[in-house]
Amino acid sequence: MEEKYIGVLCSGGDAPGMNAAIRAVTRSAICNGFKVKGIYRGYEGLIAGEVKELTTETVSNTIQRGGTILKTARSKDFMTEAGRQKAYETLKKEKISALIIIGGNGSLSGAYTFANTYADIVCIGLPGTIDNDLYGTDSTIGYDTALNTIVECVDKIRDTATSHDRIFFVEVMGRDAGFLAQNSAIASGAEAAIIPEDRTDADQLEQFINRGFRKTKNSCIVIVSESQKDGGAMHYAERIKKEYPQYEVRVSILGHLQRGGSPSAFDRILASRLGVGAIQALLEGQRNVLIGIHDNEIVYIPFIEAIKGDKPLDKSLIEVLNELSI
Ligand code: F6P
């Protein structure tokens with residue numbers, strides 16, 4: 001009988017725990033009698049034919065490593081029909097009949113479009129992004145690690161903010177989602193978070209100034225979600241400089257350090273469970289689903305649902321921060 005392989009790739013921004021997911025997919029697949037091929041550099045590598053067989057040894061000593069041993073990329077070519085056709089040809093040539101995609105929203109949207117055209121390839125998604133913005137799963141692989149990294153940084157920034165009586169605007173990642181900003185603000189004892197989900201007519205900067213940090217504190221930390229629309233931390237710092245020239249203001253943009261580092265225990269366990277879940281889903285005949293976690297149970301979310309809408313942020317977290325930051 002002709003041998004068939006499961007392919008695995010990472011796509012989009014890397015996230016700590018992707019290696020733990022690759023390891024889990026590989027070992028669980030082998031345990032269940034499959035063979036596995038790793039596709040390098042995401043959809044770009046799939047189009048270019050960058051494929052190698054993975055064994056239990058290939059994934060040894062990787063669970064603790066950040067980044068991804070398969071490398072990753074954002075592929076413009078995969079957005080075109082011609083690119084997807086080439087990707088399909090690679091899969092046929094390599095005898096890969098099921099593809100596991102570890103990535104975020106954009107990567108799963110690509111998988112959804114691909115799966116709709118090439119029905120003989122089974123696609124399964126694993127949520128790999130620090131942003132935690134995938135609908136249907138309580139957590140994404142990499143989010144917990146990034147959150148802890150941010151908190152560690154903010155703890156350090158607070159030392160200098162307090163010593164100088166300064167206002168610090170700390171910009172964190174999240175694209176259009178405020179999970180990292182809101183929860184890192186709570187965990188680091190920051191005075192405010194400015195997040196896309198809390199966009200209202202009332203000015204968020206004004207609200208935080210009025211909440212009275214001046215009454216009790218001489219320094220303060222505001223975590224700001226990166227945002228194309230609102231201009232991010234620099235924008236708010238400029239405004240403070242203009243409107244409240246009596247305050248000393250500084251900006252710290254944490255940038256890509258949030259994506260690096262060894263994954264937390266939570267992310268390693270999550271990635272391991274989801275990787276095993278992906279193989280289980282294949283065995284059950286599932287296709288075109290994201291493997292997620294909800295209320296500590298593995299769940300299957302159809303791609304169309306996972307990519308369609310915004311994942312809601314629990315608004316009570318805004319109240320928690322507001323009450324505790326007085
Ligand atoms: O999606 C993950 C993420 O880190 C976002 O939070 C951020 O907006 C984006 O990727 C940055 O992408 P790049 O590394 O391609 O600049």
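**Cysteines and positive-phi residues**

Cysteine 153 is buried (under 20% relative accessible area; exposed is over 50%, partly exposed in between; 1.4 Å probe, protein chains only), at a relative accessible area of 18%. Cysteine 220 is in no disulfide, and its nearest cysteine sulfur, in cysteine 153, is 18 Å away. The model is predicted: local features need pLDDT of at least 70, side-chain atom pairs count only at pLDDT 80 or more, and totals for chains, interfaces and linings use all residues. Residues are numbered from 1 along each chain as its sequence is written, and side-chain values use heavy atoms, with hydrogens and water left out.

**Cysteines**

- The structure holds zero disulfides, a disulfide being a pair of cysteine sulfur atoms within 2.5 Å.
- Cysteine 220 is buried, at 1% relative accessibility.

- Arginine 41 is not a glycine, yet its phi is positive, about 60°.
- Arginine 41 sits in the loop between strand E2 (35-39) and helix H2 (42-48). Helices (H or I, at least four residues) and strands (E, at least two) are DSSP runs, numbered from the N terminus.
- Arginine 41 is partly exposed, with a relative accessible area of 29%.
- Asparagine 61 also is a residue other than glycine with a positive phi, near 60°.
- Which loop holds asparagine 61? That residue lies between strand E3 (51-54) and helix H3 (81-93).
- Asparagine 61 is exposed, at 59% relative accessibility.
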